[in-house]
Amino acid sequence: MKARIKWIENSSFAGQSGSGHTVVMEGPPESGGHNLGIRPMEMLLLGMGGCTAFDVVQILQKSRQPITDCVVEISAERAETIPKIFTHIHVHFKVSGHGLKAHHVKRAVELSSEKYCSASIMLGKSAAIHHSYEIIDLN
């Protein structure tokens, strides 16, 4: 896996993934940013959220659960001093479907957090990560 980051100006950077997708990242206004791009630490949370959402949807589909939507909401706390690493992360899944079984959703979240989601497991080396879920029944 490769990535390339190019400085644009001030505190703006273009990040290009190995698969050719580009995203603009930028520091906060107090560091010269103009609020035109995502903060790099926000990008970490988005990456983790995308990784775990992918897992949960795949696991539920393989379990033949009638999932129609999955939203992951993440909140995080950072250390007060440099390096301002994440210290606590809460990941909340909102899983929608027709007659989803709670034990399947619970197991999908557990498998993602404990076995499959590389981003969650890596961030879990420095931050306490807690997971929760809710099922939105569309019946």
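In the predicted model, Leu60 is in contact with Gln65, Ile67, Val95, His104, Val105 and Ala108, when neighbours within four places in sequence are left aside. Leu60 is also a buried residue of helix H1. Within the largest nonpolar core, which comprises 22 residues, Leu60 belongs to the group that touches the most other members, together with Met48, Val56, Ile89, Phe93 and Val95. At least two residues of this core are supplied by each of H1, E4, E5, H2 and helix H3 (118-123). In soluble globular proteins, nonpolar side chains tend to be buried together.

The buried positions of H1 are Leu45, Met48, Gly49, Thr52, Ala53, Asp55, Val56, Ile59 and Leu60. These buried residues pack against E4, E5, H2, H3 and E6. Just after H1, a positive phi of about 60° is found at Arg64.

Asp55 is located in helix H1. Its relative accessibility is 10%, and Asp55 therefore counts as buried, the limit being under 20%. Not counting residues up to four places away in sequence, Asp55 touches Ser112, Tyr116 and Cys117. Between Asp55 and Lys115 the separation is 60 residues in sequence, whereas their C-alpha atoms lie 9.9 Å apart in space.

The sheet is open and consists of 3 strands in the order E4-E5-E6, with mixed pairing. Strand E4 (67-78) and strand E6 (128-137) form the edges, each pairing on one side only. On average, neighbouring strands of the sheet are turned by 15° against each other, direction ignored. Strand E5 (residues 86-97) and E6 run parallel and are joined by 10 bridges. Strands of a sheet pair through backbone hydrogen bonds, in either a parallel or an antiparallel arrangement.

Two helices pack on this sheet. Helix H1 (residues 40-62) touches E4, E5 and E6, and its direction makes about 150° with that of E4. Helix H2 (residues 102-116) touches E5 and E6, its direction making about 150° with that of E6.

How values were computed. Residues are numbered from 1 along each chain as its sequence is written. This is a predicted model: local features need pLDDT of at least 70, side-chain atom pairs count only at pLDDT 80 or more; totals for chains, interfaces and linings use all residues. Side-chain values use heavy atoms; hydrogens and water are left out. Two strands pair if DSSP finds at least two bridges between them. Helices (H or I, at least four residues) and strands (E, at least two) are DSSP runs, numbered from the N terminus. Axes are lines fitted to C-alpha atoms, for helices over the stretch in contact, and angles run from 0 to 180 degrees between N-to-C directions. Contact means heavy atoms within 4.5 Å. A nonpolar core is a set of buried Ala, Val, Leu, Ile, Met, Phe, Trp, Tyr and Cys residues joined through side-chain atoms within 4.5 Å. Buried means under 20% relative accessible area, exposed over 50%, partly exposed in between (1.4 Å probe, protein chains only).
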